[in-house]
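Here is a friendly briefing on one protein chain. Have a look at the picture first, and then read on through the topics below.

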Amino acid sequence: MQLKIYNSLTAEKEIFKPILEGNVGMYVCGPTVYSNVHLGNVRTFLSFDFIYRTLMHLGYKVRYVRNITDAGHLTDDGNVENDRFVKQTRLEKLEPMEIVQKYTVDFHKVLDMFNLLPPNIEPTATGHIVEQIELTQKLIERGFAYESNGSVYFDVLEYNRRGLNYGELSKRNIEELFANTRDLDGQGEKKNPQDFALWKKASPAHIMRWNSPWGEGFPGWHLECTAMSTKYLGETFDIHGGGMDLKFPHHECEIAQGKACNDAAPVNYWMHANMLTMNSQRMSKSTGNYILPMQLVTGENDFFEKPFHPSIVRFCFLQAHYRSVLDISNDAMIASEKGFIRLMEALKVLNSITPDDTKQSGFSFQDWKSKAYDALTDDFNSPVLIAHLFEAVKYIFALKDEKETISSADLEDFKSTLNAFVFDVLGLQAVEENNYEKLDQTLKVLIELRNQARRSKNFELSDQIRDKLLAEGIELKDGRDGTTYVLN
């Protein structure tokens, strides 16, 4: 089997050739921990968790590095008041590292809930200040960076003068970038509008600051990932992943920094996960089309009719290819729940199947297995893999009804292969005996009994049902469209 990966740099699927045979170095941009992780982040990290699991299943030894950005950095307008950490420390009246700890814990809690494997190494930006200062000094020495008023900037124009190509990943023309961009730095520190900060002088209002050869300041966002990825994976490594929104400028700047420092492309395969929408609209706090991951699982939201188990959410997410836009909705989640339950039922049925070596089956297990692996190795095509799993589900229920047969040799291989795809590769977890579905059905019955009591003006019984459920951590919510429940 040959693994093919879509490389964002070349915009083509390429046969994967690791630098060191049998080994993979993979870096994924982690969260900036100033607030709760959102569903779009979860989609990205879940996509790379599936990729990580697949690589290991295919026999590769993987060193997976995913960073934590715990140092504040300025937005493009250079205004310290827009630093996300500064804003959050003032809002919550906490120290910066209290903010970091609070939201790093939240990040890990959410990812554990969705059964994401931890990376092999999880470095922090604040833990690698020395490396970032050293990289900045090297870029200055090589003529790719310059100091200005205590800050240091990468010289994009000089980079291109030397025959390099800033814009190669995002396919942007550098001349157009210069023509269409005004200098957003009010102090006029930059030589060129597209120059980006490697080190920024800290203003009196900036809380997170470190000593450097250029005075007190803090590292640039793009520099953090170059320092951490190259330290743990080398000057050139196999795979770099992240969300589509990081392609420009973040990943573009990483390529420039890597080439300018080491005279080599830092990454062989760039991979980008696409965005998540809800009800066909972009998720946004400003529009109200927004929920947190935990709210989807507990049901404490106004968009979904009930809570959904984390494995069902994971299953829903994996039904879209990582490079495709994923849209979630109430109908999509309900459909995913039904599919998930049927898949789990099929696995239970498979354990009770008796082989029959006397009859020929119309289902070719080996052909099915080959097609499933073709999907897996074709740029990690999870939706096609899942489609093949449901071909297997159909076959399993035909075995149960004695409409099909399977040989002894194929049965054991079938069990191990199917379980590996479902639990090891897709990372799903069985919901014990469909207790989740049974709870949902039970609560619907209780809600209907309460509605009958209310219609009969038996408010004592109605309130009793509500209060007893609340005591068990189940809150009923009455609305224009009926009664829903929230698991607290």
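In this predicted model, helix H7 (residues 221-233) and helix H8 (residues 247-262) cross at roughly 55°, and their axes come within 9 Å. Helices here are DSSP runs of H or I with at least four residues, numbered from the N terminus. Axes are lines fitted to C-alpha atoms over the stretch in contact, and angles run from 0 to 180 degrees between N-to-C directions.

**H7 and H8**
- H7 and H8 are therefore oblique to each other (angles under 35 degrees count as roughly parallel, over 145 as roughly antiparallel, 65 to 115 as roughly perpendicular and the rest as oblique).
- Their crossing is right-handed, a word used if the near helix is turned clockwise from the far one by less than a right angle, with anticlockwise giving left-handed.
- Trp221, His222, Leu223, Cys225, Thr226 and Ser229 of H7 make the contact with Pro249, His250, Cys253, Glu254 and Gln257 of H8, where contact means heavy atoms within 4.5 Å.
- These residues divide into five nonpolar, five polar and one charged (Ala, Val, Leu, Ile, Met, Phe, Trp, Tyr, Cys and Pro count as nonpolar, Asp, Glu, Lys and Arg as charged, and the others, Gly among them, as polar).

**Binding site in the record**
- An unreviewed UniProt entry places the feature "binding site" at Cys29, Cys225, His250 and Glu254; such annotations may be inferred rather than shown by experiment.
- Those positions are spread over 226 residues of sequence, yet they cluster in space, with a largest C-alpha distance of 11.2 Å.
- Cys225 is found in helix H7.

**H12 and H13**
- Helix H12 (residues 365-377) packs with helix H13 (residues 382-400) at an angle of about 160°, their axes being 8 Å apart.
- H12 and H13 are therefore roughly antiparallel to each other, and their crossing is left-handed.
- In H12, Trp368, Lys371, Ala372, Ala375 and Leu376 meet Val384, Leu385, His388, Leu389, Glu391 and Ala392 in H13.
- The residues of this contact divide into eight nonpolar, one polar and two charged.
- Phe380 lies in the loop between H12 and H13, and its phi is near 55°, a positive value in a residue other than glycine.

**How to read the values**
- Residues are numbered from 1 along each chain as its sequence is written, and side-chain values use heavy atoms, leaving out hydrogens and water.
- Local features need pLDDT of at least 70, side-chain atom pairs count only at pLDDT 80 or more, and totals for chains, interfaces and linings use all residues.

Key:
Helix = DSSP H or I, 4+ residues; strand = E, 2+ residues; numbered from the N terminus.
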